[in-house]
Amino acid sequence: MPERDKKKSIGIHELYSQDPIAADKLLWGRETDSSRRGFLKKSGLLAMSAALGGYIPFASKMPGGLIPAAFAEAPEPFSIEGKEGLRVLNDRPINAETPAHLLDDDFTPAKYFFVRNNGLPPALDTIGDVDQWELEIAGESCLKPQTFTLAELKKRFKHYTYALTLECGGNGRSEFNPPAKGNQWSTGAVGCAKWTGVRLKDVLEACGIKDDAVYIGYYSADRHLSGDPNKDAISRGVPMHKALEEESLIAWGFNGEDIPYQNGYPLRLITAGWPASTCGKWLNKIVIRNKVHDGQKMTGQAYRVPCEPVAPGTKVADEEMCIIESMPVKSLITFPKSGVTHALKETFEFRGKAWAGDLAVKEMEVSIDFGATWQRAKLEKPVNRLAWQKWSANLKFPEPGYYEVWARATDSNGKAQPTILPGWNPKGYLNNACHRIAVQVV
Ligand SMILES: Nc1nc2c(c(=O)[nH]1)N[C@H]1C(S)=C(S)[C@@H](COP(=O)(O)O)O[C@H]1N2
Ligand SMILES: [Mo]
């Protein structure tokens, strides 16, 4: 490629990654201030239209400081055994998220299911014969502690299969400001697969639950990053009422096959609708506790948010942080891929997924004018409780130009996703802001 063309191909995207303030200045004619709308100077508007490849019909409605979705995505090289097309955020431990357009399947295939590891997974060759994999049930509130092999679990208890949505509590963290430490997930720490296993409830009841039981906790075969063999990477849990739900499973099956290695092969806990950190992978022990489980990442500030809302940047004492329970309502546009070019005359079908933690989604809407007006989308029922729901909307655009399609879900309690950002919190959890994609209409 000639030197001159190379230079030209360094787009606004690279500029954003190298110098976001300069990029903002170029696009917006000023430094970022997200509090105003319709501030675009003529020169900034022209520069932005040129960079986006077209006139922006709803420019006056664009919130100030908004980075157009067309620039906000960056594909990166990738290689994790058994995975494809994921965006790798970290390789020690492995953390990789799924681009929205790869979540278009009804149920997320193994190769696209995100990976969030806190430590070092057990080496495959140490897992050995999975029929002999052991699960111990114990804890101070367990009447008859017992150990089952995977073969015994399968033989002794009834099997159940449910489509269950798993989302990391930190999904969306990258948008918080001031930034929160941790994996900078954009939208892709979520997936919905058909999990097969036995009900946690049946196994716990077979081992006897004492009257004073309040919580369960899991222990797993992965190890802490420090390499300390006695330190858990993570050991979390849920209150008894969540543990005893119909859909809480001890699972070995994933879309009819073994659970993928990075997702917890051969056995994992599934308590869907809550932060996926409650779903222990490479599961080898469950304890029934007479107090809130106090394992690794249950205490301090991990997986907790301020009990009362705080101003961005506030330091919050541990006692004022509350454990995250059900995840909030959220949705994704999974088709088309952001950046699509579309002919003006045709109606175009947009589609995606929506979920709402322990609740169902009752309404789905889309906007083509930066959230100024909304149109109702078609929303399907979940295949079972705690499975994500499919939605679709046929859209027409008034004239050629750069658009964004925004999607907004409302849960069965009437709570809708925020259009820009929900409450800031120190660890950057629970960002359920509306997903948006870029669309060029020509
Ligand atoms: N044993 C174990 N279980 C674990 C984790 C882990 O690191 N080790 N990560 C948790 C977190 S924080 C999340 S978000 C989910 C991720 O599940 P996935 O990697 O299958 O997508 O697993 C949870 N269970
Ligand atoms: Mo997570």
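**Close-up views of a predicted model**

**View 1. Helix α7 and the glycine that follows.** In α7, the residues L200, D202, V203, L204, A206 and C207 are buried, where buried means under 20% relative accessible area, exposed means over 50%, and partly exposed lies in between (1.4 Å probe, protein chains only). Because six of the eight residues of this helix (residues 200–207) are buried, α7 is largely enclosed by the rest of the structure. Just after α7, G208 takes a positive phi of about 80 degrees. Helices (H or I, at least four residues) and strands (E, at least two) are DSSP runs, numbered from the N terminus.

This is a predicted model, in which local features need pLDDT of at least 70, side-chain atom pairs count only at pLDDT 80 or more, and totals for chains, interfaces and linings use all residues. Residues are numbered from 1 along each chain as its sequence is written, chains are lettered from A and ligands numbered from 1 in the order in which they are written, and side-chain values use heavy atoms, with hydrogens and water left out.

**View 2. Two cis peptide bonds.** The bond from R92 to P93 is cis, with omega near 0 degrees, and P93 sits in the loop that joins β1 (87–91) to β2 (94–97). The bond from Y265 to P266 is also cis, with omega near 10 degrees, and P266 belongs to the loop between β11 (257–258) and β12 (268–270).

View 3. Although N255 is not a glycine, it has a positive phi of about 50 degrees; N255 lies in the loop between β10 (249–254) and β11, and is partly exposed, with a relative accessible area of 26%. L430, likewise not a glycine, has a positive phi of about 60 degrees and is found in the loop between β23 (401–411) and β24 (435–441).
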